[in-house]
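I opened this notebook to keep track of what I looked up. The entries follow the order in which I checked things.

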Amino acid sequence: MRHWRWVAFGVAVGALVVVERLRPLRSLKDPAPTRVGRNLTLGLLAAATTAASEVPLVAPVQRLAARRQLGLLRLLRLPRALRVILGFLLLDYTLYIWHWLNHRAPALWRFHAVHHIDLDLDSSTGIRFHFGELALAAGFRAAQVLLLGVDAGTLRVWQQCLLIVTPRMHGIHHSTRVEETNTNFSSLLSWWDRLHRSLRLDVPQPTITIGVAGFLDPADVTLERSLTFPFSIRAMAARPRKHFTKVARDFRLPQR
Ligand SMILES: [Zn+2]
């Protein structure tokens with residue numbers, strides 16, 4: 001991404017944070033400006049990790065897959081337009097599965113929980129990711145490119161469209177109640193949640209407490225604690241275990 005795009009992205013996030021402060025969907029638990037600064041710091045570390053891992057890893061894998069004609073979409077030999085559309089949809093669907101795995105697998109949850117323990121949900125939460133999660137995601141992105149056989153243009157367009165789920169839908173995903181956290185895994189198209197019956201829209205926003213149960217004190221989510229969280233014993237206590245059997249059972253294509 002060129003420099004001006006990063007600037008435009010930063011300005012857009014800043015403007016959204018201001019609008020969200022003026023018209024919040026829920027009452028704020030941690031209104032201090034330090035929270036946004038903390039999320040920004042975590043976001044910068046995450047962006048640096050992506051630059052250091054995804055760019056050197058994904059681009060060579062992309063070139064290798066193109067040179068050797070690897071990946072599902074290249075094997076199917078479809079018309080270009082259809083290949084682009086299908087590639088876009090498959091990237092989005094496999095990201096749904098990756099997000100579901102981040103909640104399901106204890107080792108992945110340790111890192112993903114850092115995104116969830118934010119005490120409020122706004123645009124700054126959208127960049128609040130532990131750098132470890134982004135490093136793991138780089139490996140996943142390389143696997144997506146290799147196995148799906150998507151071209152660089154399709155990947156770029158899809159990445160630029162990401163994170164446009166509605167704030168209400170994502171608010172339910174960030175609830176402290178496990179039966180709400182383990183829903184709404186989609187990052188762009190909500191079809192995948194509908195397909196796997198993990199979509200929930202019936203929760204009134206004022207009733208939602210944002211965060212992870214047991215970690216609702218501002219002292220639990222300081223910058224230092226957020227950075228060390230994945231490597232601490234308390235990370236496992238944050239795991240939304242309950243209701244997972246149900247979600248796991250539902251993780252299948254609907255019966256006809
Ligand atoms: Zn999540």
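Does N184 count as buried or exposed? I looked up its surroundings: N184 counts as buried because it has 25 C-beta neighbours inside 10 Å. The cut-offs I used are these: a residue is buried if 20 or more other C-beta atoms lie within 10 Å of its own, exposed if 12 or fewer, and partly exposed in between, with C-beta atoms placed from the backbone.

Notes on the model. I am working with a predicted model, in which local features need pLDDT of at least 70 and side-chain atom pairs count only at pLDDT 80 or more, while totals for chains, interfaces and linings use all residues. Residues are numbered from 1 along each chain as its sequence is written.

Entry on the whole chain. I found 13 helices and 0 strands. Helices (H or I, at least four residues) and strands (E, at least two) are DSSP runs, numbered from the N terminus. The chain has 256 residues, and 32% of them are buried. I then looked at contacts, where two residues are in contact if their C-beta atoms, placed from the backbone, lie within 7 Å. Of the contacts between residues at least 6 apart in sequence, 78% join residues at least 24 apart.

Entry on two loop residues. I went back to N184, which lies in the loop between α9 (178-181) and α10. Its phi is near 55 degrees, a positive value in a residue other than glycine. Q69, in the loop between α2 and α3, also has a phi near 55 degrees, and Q69 is not a glycine either. Q69 counts as exposed, because I find 10 C-beta neighbours inside 10 Å.

Entry on α4. Helix α4 covers residues 80-104, and its 25 residues should span 36 Å at 1.5 Å a residue. The expected span is 1.5 Å times one less than the number of residues. The end C-alpha atoms of α4 are 35 Å apart, which agrees. I listed its buried residues as G87, L90, L91, L95, Y96, W100, N102 and H103. The buried residues of α4 pack against α3 (72-76), α5 (106-116), α6 (131-148), α7 (152-161) and α10 (191-195).

Entry on α2 and α6. How do the axes of α2 and α6 cross, and at what angle? The axes of α2 (residues 33-67) and α6 come within 9 Å and cross at roughly 15 degrees. Axes are lines fitted to C-alpha atoms, for helices over the stretch in contact, and angles run from 0 to 180 degrees between N-to-C directions. That makes α2 roughly parallel to α6, as angles under 35 degrees count as roughly parallel, over 145 as roughly antiparallel, 65 to 115 as roughly perpendicular and the rest as oblique. On the α2 side I noted residues including L45, T49, L57 and V61, and on the α6 side residues including F131, L134, A138 and V145.

Entry on two residues of α6. L148 is in helix α6 and counts as buried, with 21 C-beta neighbours inside 10 Å. Beyond its neighbours within four places in sequence, L148 is in contact with G71, L72, L73, G87, L90 and L91. The C-alpha atoms of L148 and L73 are separated by 5.9 Å, although the two are 75 residues apart along the chain. G139 is also in α6, but G139 counts as partly exposed, with 13 C-beta neighbours inside 10 Å. I found 8.1 Å between the C-alpha atoms of G139 and V58, which are 81 residues apart along the chain.
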